[in-house]
Amino acid sequence: MRTRAGWILFLIWQVVCIPLWARIVVSAQDRATQIAEFRDIAQKAGLTAANVFGGKDTSTYILESTGTGVAIFDYDNDGWPDIFLVNGTTVTGLAESAPTNHLYRNNHDGSFTDVTASAGLTATGWGQGVCVGDYDNDGWEDLYVTYYGKNRLYHNIGGKFEEVGETAGVAGNGRTWGSGCAFVDYDRDGYLDLVVADYADFDLLHPPAPGKYPTCLWKGIAVFCGPRGLPATKNILYRNLRNGHFQDVTLSSHFDRTMGHYCFSVSPFDYDDDGWPDIYVACDSAPSILYHNNQDGTFTDVGILSGVAYNADGREQAGMGSTVADYDGDGHLDLFRTNFSDDTSTLYHNNGDGTFRDVTYQAGLGTHTRYLGWGTMFFDFDNDGWPDLLLVNGHVYPEVDSLKIGIDYNEPKLLYHNRGNGTFADVSQVAGPGITARTPARGLAVGDLWNDGRLSAVVVNRNSLPNLLVNQTKYPNHWIDVRPVGTRSNRSGIGSRVSVRTTLRLQSGEVRSGSSYISNSDMRLHFGLGVENEIQSIEVRWPSGLVERFSDAAVDTVMMVKEGTGEPVGAAADGLHKPN
Amino acid sequence: MATIHLRPERVVMTLVLLSLFAVSHATAAFAQNQDDGLSTARSLLQQGKNRQAIAWLETFAANRPELKGVNHELGVAHYREGEYLEAAKYLQEAWNENDDDHDAAQLLGLSYYFSGRLVEAIPALEKVRSWRPEANIDAMYVLAVCYAVTKRYAEALATFAQLYGVSPDSAAAHLLMGHMLIRQGLDPAAESEIRAALRVSPQLPLGHLALGELSVYGGNYPQAIQEFEAELALNPACAAALTQLGEVYWRLNRDEDSKKVLRRSISLDSMAPTSYVVLGKVLFREGRLALAEQNLHRAISLDPGSYTAHYFLGQLYRDQGKSEAAQREMKAAARIQQLQATSAGGRN
């Protein structure tokens, strides 16, 4: 619990230090014109495999429209993040040279090598989303890939993958259309459990034709049917039994007791700061879900009551992607969600009392209504200490181009710069051709690909080549990447709350699997530090409840913090401690 | 956003057209003098047993493929079941068999319309108009919409003008056309038409209001303010412009300005629920909860289907620690939306 004295100090810090901080950091926004230079280097870097996902020029069924995710993770433990791109197929199938997923190994020199075959990842099918986590705590990050069909769990054995979904009990029934996923230790037993969001039960043998029902029209023209009208299905929670097997606890955990359906991205986060991971799931044309962890193996959907199911007007939106960060530095994790076109994205400010407020308009994020948003991530591209926002867009209906209504199938990305005062500036037009180029984007992951503090973005484009967006602009700001490694807690450190204290700021983040649009970003926590070149301490609240302080952090480095090696700070009666 | 974006005309039109067809079909040209089999099918249709009629007709058609009239009845049955793609298939055959089958032509046009095949809908609807140029205003409306969505704007304009009895080159015709295009979500074309209306008649009321609404949809709030203010300069008693202005000011955190225009709007039209909703939102943000609650209740009394009013009331109770009342209001908001989504169909 934060003490009264702690609150007073916090308020003084808010009033005195934030303006000071704002004056001394070198912010991208201070630059008059070009504030970033994101360029797409995917082809040059060796990311050459095109995405395959349904028909190129038409989408007869909704299954063909949603695209796939991407993961940035270090599969071979060499300390350099690698890239995994999920691939799909077509309705008619591709008998010869069926597309596979692709794993690209980081060559440490700006290029990547396709190691899909040697890593054992050449499976084909209607791939959808991906999430990363070391489910057996063997020190190697594993992969879970959702499908329209049986999902796949890839056990990482020293850099080679073995598919164990069926034997582990997480393959699903094969009929359901899996979408987003995330590893999360919801029962805090030190082993990662697994959340799988499902979109719908979809029968590809008897699909409704475009225009068949009123739900198959958009602006008067026939388009593919759905999601409304498709049979809804429930999201799944698997409990890790600690022996390589999982148990489906969807019913006993009350995971099925929700109004939300047609779900996509999964973003676990401890929104109420009670030390128990909660789970946000963005849903399409339905209320989005916030599963509150009841600390007894069950969840309650508090999305509507807490204020993150609908927009400010209480209207359901077509949720696609989601991302979490403390964008305003008040110590509470906030939430952002992308939605369909003719609508805004939505920023939910965490009030710190278990409720949220939609501050989209107040934050300056309510002006783009034409784009259809998918992947999104908070990321501090200029290392000024304030998380910025990247959104990638692309319409679902190829027919939209023929309507000439100001909405296109290929759409640009959006980059919002965090001003540090609770508002954002749209800097998309002055952030380089990688942002303005129009593509049918879907999945997005961000990461520090070359351990140099410069965050890059990998984008999946439906039926197109991927983008690798690298910022060519240099900033004088400092940074640190923190990689928590659990010992009592899960080895991936997922769910760890990390606070970085400098002279003027206290920033916090949480290690997260999943998020964005059915993707998984670099799970090392990245903190921009502005011009501050000294870190006073790093404090980690582990999922086990242990709180430790690490005092030997240096700026501009990647720092591994191992549970049990720091200075214990203490723990509250409930096993938790909140940094103050 | 939600209040402004809802475009439920398709639902209303469906109901209107279905009921009109029921009347017309009762006196249909197809007298029951052909065959016992067809009479049985018609009897089933009259009883609303559409699926049974379809099964009967399919069997019957298999045995008597030469018999005229089966396609007509199958088309009608599928139409009544809301199976517009199937209906269009049979009705096209029926119309091919008998090019004077008025009902088949009308239902064919509507079936294509309801299944989003607007290019195919146009010939049938044009034929219906040629038969009954003044009588069938609903078919004319649908035809005009088909022209508009397929970018045959001149024909759409002429048809809407005929429908509303105005000259096609008048400002009124362009304004009507603009409104119809807004309803279809064809915003750039709508803006073009409304601007054309204002060029013809710069003092035309409601043109700037519509342009302001389009600016709100597009997230261009400074432009929206300009348009609403222009509307008010022409039409100072336009309560809707004041309410919209209040909403935009709320989005821009200009709460004092918002309250001022909303109170003016309510003074002009005390029965419009949206003004109370927006005022409730402003007062809620200001923390004036008692007043906010009062306005939101007033909105609900005028429009029980305002999910936004219920939602804000729920948040208000939540923030006051009144959990039970909060849950009740938020559930009401959710239930209303579910009902609206069920009846509206489509995505958004």
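**Salt bridges, disulfides and the A–B interface**

E510(A) is buried, with a relative accessible area of 7%; buried here means under 20% relative accessible area, exposed over 50%, and partly exposed in between (1.4 Å probe, protein chains only). The structure is a predicted model, in which local features need pLDDT of at least 70 and side-chain atom pairs count only at pLDDT 80 or more, while totals for chains, interfaces and linings use all residues. Residues are numbered from 1 along each chain as its sequence is written, chains are lettered from A and ligands numbered from 1 in the order in which they are written, and side-chain values use heavy atoms, with hydrogens and water left out.

The side chain of E510(A) meets that of R497(A) in a salt bridge, 3.1 Å from N to O; the term covers a side-chain nitrogen of Lys or Arg within 4 Å of a carboxyl oxygen of Asp or Glu. This pair links distant parts of the chain, with E510(A) in strand β33 and R497(A) in strand β32 of chain A, 13 residues apart. Helices (H or I, at least four residues) and strands (E, at least two) are DSSP runs, numbered from the N terminus. R497(A) is also buried, at a relative accessible area of 5%.

Over all chains, the search finds 37 salt bridges. One of them pairs K219(A) with D342(A), with the closest N and O atoms 2.9 Å apart. K219(A) sits in the loop between β12 and β13 and D342(A) in the loop between β21 and β22 of chain A, so this bridge ties together parts that are 123 residues apart in sequence. K219(A) has 11% relative accessibility and therefore counts as buried. R438(A) and D408(A) form another bridge, at 3.3 Å between the closest N and O atoms. Here both partners are partly exposed, R438(A) at 42% and D408(A) at 27%.

Turning to the cysteines, two disulfides are found over all chains, a disulfide being a pair of cysteine sulfur atoms within 2.5 Å. C131(A) is joined to C181(A) with an S to S distance of 2.3 Å. The cysteines of this pair lie in strands β6 and β10 of chain A, 50 residues apart. The S-S torsion of C131(A) and C181(A) is about -125°, so this disulfide is left-handed. In the disulfide of C216(A) and C225(A), the sulfur atoms are 2.0 Å apart, and a torsion of about 105° makes this bond right-handed. C131(A) and C181(A) are both buried, as are C216(A) and C225(A).

Chain A and chain B bury about 4,100 Å² between them, 51% of it on carbon and sulfur atoms; buried area is the accessible area (1.4 Å probe) that two parts lose on being put together, summed over both. In chain A, L305(A), D313(A) and Y361(A) lose the most area to chain B, together 17% of what that side buries. The contact (heavy atoms within 4.5 Å) takes 51 residues from chain A and 47 residues from chain B. Two salt bridges cross this interface. K281(B) forms a salt bridge with D313(A), with 2.7 Å between the closest N and O atoms. On the chain B side, R318(B) belongs to helix α19 and counts as buried at 13% relative accessibility. Among the residues that R318(B) touches are L305(A), N351(A) and F356(A) of chain A, along with M330(B) of chain B.

Note on methods: Lists of a residue's contacts leave out its neighbours within four places in sequence.
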